[in-house]
Amino acid sequence: RREVLARWLASPDNPQFARNLANIVWAHFLGRGIIDPIDDVRVSNPPSNPELLDRLARQLVEYRYDFRALIRDICNSRTYQLSTRHPQHQACAQLDPDNRLLWRAHFRRLEGEVLRDAMLAVSGRLLPVPGGPGFFDELPPEMGRDFDMFKWDPSEEDQRRRRSLYQFQRRNLIVPMMESFDAADMSASCPRRGASVTTPQVFALFNSSFAYETSRHFARRVQREAGPVPRRQVEWVFSFAFGRKPTASELEAGARFLEKQSGAETADSEPSKALADFCLVALNSNEFLYLE
């Protein structure tokens, strides 16, 4: 009976299944579904662009549910590559204030897992080894680790540098950083992640041991690539964290900050505290946290 159900769901004669899947993929990359919210597919909640949804559904069926092929088409589209800014913003906002027709991109904050991976990547510490068992991350000392039938033993340091996809989670014990950044409730269905702005996120990104250590590794990477010249260091921080060059005012302010704190050098092989602090600020910036 399960096989019969699966064949009926994935059959080309059942367009609703492909429409729902295509809508979920579209919402993940565009910030909002063609049917929104994505878990409400009633007739009373029509799609904003039914022709587009039908086209995506047909492509998904033609690709034999190869999601990578569909994602490639979406990411190569002009709509996906739009900026959040628009030269005729006021006129468009009057016609479509909710941006249902996607005349500009939605601001989208990185998910907790993606944010952690991005921090490891810019610091040069991400270990992109695919597959294998999950790893146990380091927990704050105030969190309990011993349970009746389970003990949380942190994995080796090199394993904790793997992608967050392999990070072990429990229903009753979620890693604080993931919980702060709206990790899915593993006890209930979660059709879409939230995107809150809360105080614990500040602690996770600015005061946590993970953020502190990551910013130090980030500073070491910058120092290796840029050398001791402050202006070069600022350029490399912007290149790694934001994928762009700093503006003239950003370059001047950053170099002035590093030069002012130049007396905090520790050793020739270690970056200055000022550079590490500057890297920490970059990791806490909206430009790093949000997709433009």
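On one side of helix H11, Ser-249 and Lys-260 are exposed, where exposed means over 50% relative accessible area, buried under 20%, and partly exposed in between (1.4 Å probe, protein chains only). This is a predicted model, in which local features need pLDDT of at least 70, side-chain atom pairs count only at pLDDT 80 or more, and totals for chains, interfaces and linings use all residues. Residues are numbered from 1 along each chain as its sequence is written, and side-chain values use heavy atoms, with hydrogens and water left out.

Which residues of H11 are buried? They are Leu-251, Gly-254, Ala-255 and Leu-258. These four lie on the same side of H11, because they cover an arc of only 100° around the axis, taken from the directions from the helix axis to the C-beta atoms. Their cover includes helix H10 (230–242) and helix H12 (273–283), with contact meaning heavy atoms within 4.5 Å. Helices here are DSSP runs of H or I, at least four residues, and strands are runs of E, at least two, numbered from the N terminus.

Now the charges. The structure holds 16 salt bridges, each a side-chain nitrogen of Lys or Arg within 4 Å of a carboxyl oxygen of Asp or Glu. One of them joins Arg-109 and Asp-182, with the closest N and O atoms 3.0 Å apart. Arg-109 sits in strand S1 and Asp-182 in the loop between H7 and H8, 73 residues apart. Both Arg-109 and Asp-182 are buried.

Arg-193 and Glu-113 also meet in a salt bridge, at 3.1 Å, N to O. Arg-193 is in the loop between H7 and H8 and Glu-113 in helix H6, so this pair ties together parts 80 residues apart in sequence.
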